[in-house]
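Keep the 3D view open as you read.

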Amino acid sequence: MNPNVTPPSQSAFGAVEAEFDALTSGVAALSANAETATPPETASADATQTQPHPSGGAKPRIRIGSAPVHASAMQSAESATVDALSGAGRAGAAPARESIFDVREMSVSYGTNTAISGVTMQIQRNMITALIGPSGCGKSTFLRSLNRMNDSVKGFSISGQVLYHGHDVYAGSVDPVEVRRRIGMVFQRPNPFPKSIYDNIAWAPRNLRMKDDLDRRVEYALRGAALWDEVKDRLHASALGLSGGQQQRLCIARAIAIEPDVLLLDEPASALDPIATLSIEQLMQTLKHRYTIVIVTHNMQQAARIADRTAFFSLEATSRAGVLVEYDDTDVIFTRPRDPRTSDYVTGRFG
Amino acid sequence: MSGGSGSLSPALGPAAAARGPWSAGRARGTKTDRFGDALLKSLCAAASLLAVVILGAIFYQVLDGASAAFSQLGIGFLVHEVWQPNFGHFGAATFIYGTVVVSLVTMVIAVPLAISIGLYLSTTASGRVRSVVGPLVEMLAAIPSVILGFWGLIVLAPFLQAHAEPFLHSTLGFLPLFGKGETTGLGLFTASLILTIMVVPIVAAISRDLFLTVPKDLQDGAIALGATRWEVVRGVILPSAASGVVAAAFLGLGRALGEAIATLQVIGGGNFIHASLFGTGGTLASRIAEDALGTPYALQLSAVFYLGAILLAMELVLNLAAQAIMRRFDAFSAVAAR
Ligand SMILES: Nc1ncnc2c1ncn2[C@@H]1O[C@H](COP(=O)(O)OP(=O)(O)OP(=O)(O)O)[C@@H](O)[C@H]1O
Ligand SMILES: [Mg+2]
């Protein structure tokens, strides 16, 4: 699979693009809510986004999410999915590499144990960024620090900055709940709720008052996760009756049902067989048109197959803290890495 | 392979190793082994049998003791309100009513309170608070009920009578439940509060332990979907622990139904049904405790056994209901776990 840029199918990409603008302006509006200084143009964007929405009583934290733009967004997502599956819309990177995350000098410790130190990297929009590296080098820690999933971990402390669309995720005024609602996450072990398939997906939208057309939203999420055809006849059966691979795709569906901006995946296929893994990988390729994807993987071939950009983390010999060794286009990392540690690792010579 | 045999070799020795793996160590199925098995089996069987026999004996004795009252008072005993042994009036309705009302009020107050405490201790509280408050809550359950009843009589009842009851009466007095109170502060409401204090620690401690067992990855999954803490509690923690919490609540209810001494101390010993919670009354258990010792009339003693039979029947129904509810939850989780 060639990660390089091919010109996208005009129609499909156009639709995705338009909808994505809506999403990002929504994000700007979100941050405008959270922060005191409101740039005038985002304020007006906020107003135009939210005013026509019929249900005035929605919670503030989802005003953007439930704006009417999504009716069309859901349609265009489906068409984009169809296009991508049929191979017509295999868009690689967006022409200009716009970063969604700008991580600066991030260091994370648990108690006195430093897990990662001094990581600076940018994560670009509509790309798959893979994080690879030996066990314990802090890939999960890094990933979970992007959407504040580590907040509840005992002893967790972070320094440096995580800028998301230019806004510090860890700023005092930011609500971590809103961060996680924008930046979805899928875990290593499939963790569906002990509810029906339908309720697994509908749960978060209901919480967020995205109740209009819930059936359609569930279908859209399941289609998006390439699970619809397998489960459409048993939506109200327990999700725990699904196979591991199906459960994992359900978790992905659950994450995309609330239309996040970014999907973080921590070894999503490590508990799955090769066929299920392949279907998850194909799914990634489809999803990246709509979402920005960051994936941790131990499987080097997987990173090489699916990622546009790859970051290699490793443990620093002296401090035993995880550091970012090298971050580049995937083919650079795998064919001509600059750092000898990277080439040792990707060629399997790592001790 | 080599690691495994290495760790075994001291026990085996070269000779045993030569005989192959099956003769390694002492052969099982010897006489002593079989004797041990049989002993364990019969001990367990005897213990279970003993429990059944005791249960049967109690049932028999209660029913036997009540037989005189059964034949003389009949089924009308259940609906007859007045209990005045001197005049030969025996009715259980006041005590059935008192038992039901006191239990209901107790559960209505205790269960939400206990679940909140359990949630607080398992999810919100810092480790420090957890390690101090948790044991304190459990210690509450260790207070002997007589002492709790005594405290209710001396402290709680006057307080309720002076402050809580007038307030409740003035705000909710349009409901007959919150009618005018007695002058002593003793009554159904006070009894409910004392029972609440007895039930809360049990239910709180069990639910806290249950909430702590809810898998972290389920909670993480919910948190990663932008759920607030309350949404995680409502959507993941409570449903996962539901069947256990129901079981805990029924355990608490069983305690409330059966508690005699503390109830007797604070319920005011009324012989009539009062619509108001602030009125006096009695529960089956408190009346049994009050009258079981030294009654001059044979019929009264038999009527007390009759009350006991009713209480037994109530507890039995409660137990069956609890099992049915839990089976439903378990059936759900069995489907879920498939
Ligand atoms: N919840 C936690 N509490 C304390 N220390 C932790 C916690 N999670 C991770 N660590 C420590 O942080 C370091 C990095 O762990 P992390 O899980 O991020 O590594 P990883 O690269 O994801 O490893 P793997 O590939 O095995 O998943 C390790 O030393 C680990 O022990
Ligand atoms: Mg990890």
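Helices (H or I, at least four residues) and strands (E, at least two) are DSSP runs, numbered from the N terminus. This is a predicted model, where local features need pLDDT of at least 70 and side-chain atom pairs count only at pLDDT 80 or more, while totals for chains, interfaces and linings use all residues. Residues are numbered from 1 along each chain as its sequence is written, chains are lettered from A and ligands numbered from 1 in the order in which they are written, and side-chain values use heavy atoms, with hydrogens and water left out.

Start at ligand 1. Its shell holds 13 residues (near means a heavy atom within 4 Å). Ser135(A), Lys139(A), Ser140(A), Thr141(A) and His298(A) come nearest. Two elements of chain A, β2 (113-124) and α4 (139-146), each supply at least two shell residues. The top contributor is α4(A), with 3 residues. By class, the shell has 4 nonpolar, 7 polar and 2 charged residues (Ala, Val, Leu, Ile, Met, Phe, Trp, Tyr, Cys and Pro are nonpolar; Asp, Glu, Lys and Arg are charged; the others, Gly among them, are polar).

Now look at the oxygen atoms of the ligand. A polar side-chain atom of Thr141(A) lies 2.4 Å from one oxygen atom of ligand 1. Backbone atoms take part too: a polar one of Gly136(A) is 2.9 Å from a ligand oxygen, and a backbone N or O atom of Gly138(A) is 3.0 Å from a ligand oxygen. The protein buries 62% of the 630 Å² that ligand 1 exposes when taken alone (accessible areas by the Shrake-Rupley method with a 1.4 Å probe; for residues, only the protein chains shown count as cover).

Next, turn to the interface. Chain A brings 28 residues to the contact and chain B brings 21 (heavy atoms within 4.5 Å). About 1,900 Å² is buried between the two chains, 60% of it from carbon and sulfur atoms (accessible area lost on being put together, 1.4 Å probe, summed over both parts). In chain A, Phe193(A), Pro194(A) and Trp203(A) lose the most area to chain B, together 25% of what that side buries.

Charges also meet here. The interface has 2 salt bridges (a Lys or Arg side-chain nitrogen within 4 Å of an Asp or Glu carboxyl oxygen). Arg144(A) forms a salt bridge with Asp220(B), with the closest N and O atoms 3.7 Å apart.

Methods: A polar contact is a pair of N or O atoms within 3.5 Å; within protein, one must be able to donate a hydrogen and the other to accept it, and residues adjacent in sequence count only if both atoms are side-chain atoms.
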